[in-house]
Amino acid sequence: MYHAQGTFTVDIHPLSPAPAEGIGRFSINKTIHGDLEATTKGEMFTGGDPKQGAAGYVAIEHVAGTLNGKHGGFALQHFATMDGNGPSMQVIAVPGSGTGELNGIEGTFTIRVENGHHFYEFDYALPA
C-alpha cells in the first residue's frame with residue numbers, strides 16, 4: 001500500500017434538471033495538491049434535509065493528473081450520510097477505472113474539513 005496526502009479546493013454548482021422531487025443534482029469539480037496533483041470533474045446527487053442534520057449524497061468524479069510521480073486517471077465513488085449519529089463517508093477508487101500509469105489502482109480516499117479547508121489522505125495500491 002502507498003499513502004498520499006494534501007489539500008484540495010472544491011467547486012460545486014447546481015445542475016438542471018433535478019432527477020426527482022427532493023433530489024438535488026450538482027457538478028463537483030476539484031483542484032487537488034500534494035502527493036496527488038490533479039483536477040476532477042464529476043456529478044453529485046443529494047437527498048434529505050442537511051439543515052435538519054439528516055441527508056446523504058452519492059457522487060462519481062474522474063481524477064486526472066499525477067500521483068506520486070505516476071501519470072494517469074481514475075474515478076472516485078462517494079457515499080455519504082449524516083444523521084443523529086453524525087457523518088459517515090466512504091470514498092473509493094472505482095475498480096477498473098485506472099488509466100495510464102494508474103491502471104489497476106485501488107484504494108480509499110479520506111476527506112477531512114477543518115476550518116473551511118479541505119484535506120485528503122489516499123491509501124492506495126497499484127499492480128506490480
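Two strands pair if DSSP finds at least two bridges between them, and strands (E, at least two residues) are DSSP runs numbered from the N terminus. The views below come from a predicted model, in which local features need pLDDT of at least 70, side-chain atom pairs count only at pLDDT 80 or more, and totals for chains, interfaces and linings use all residues. Residues are numbered from 1 along each chain as its sequence is written, and side-chain values use heavy atoms, leaving out hydrogens and water.

**View 1. Strands 5 and 6 form an antiparallel pair.** Here residues 70-83 (strand 5) meet residues 86-93 (strand 6) over eight bridges. Look for Gln-77, which stands opposite Ile-92 in strand 6. A hairpin of two residues links strand 5 to strand 6.

**View 2. Lys-30 is a buried residue of strand 2.** Its strand spans residues 23-34. The relative accessible area of Lys-30 is 5% (buried means under 20%, exposed over 50% and partly exposed in between, with a 1.4 Å probe and protein chains only). Not counting residues up to four places away in sequence, Lys-30 touches several others, including Phe-8, His-78 and Ile-111 (contact means heavy atoms within 4.5 Å).

**View 3. Glu-101 sits in the loop between strand 7 (99-100) and strand 8 (106-114).** Glu-101 is partly exposed, at 47% relative accessibility. Its side chain reaches the backbone nitrogen of His-71 at 2.7 Å. Glu-101 and Gly-72 lie 29 residues apart in sequence, yet 5.5 Å apart in space, C-alpha to C-alpha.

Terms used
Helix = DSSP H or I, 4+ residues; strand = E, 2+ residues; numbered from the N terminus. Polar contact = N/O pair within 3.5 Å; in protein donor to acceptor, adjacent residues only side chain to side chain.
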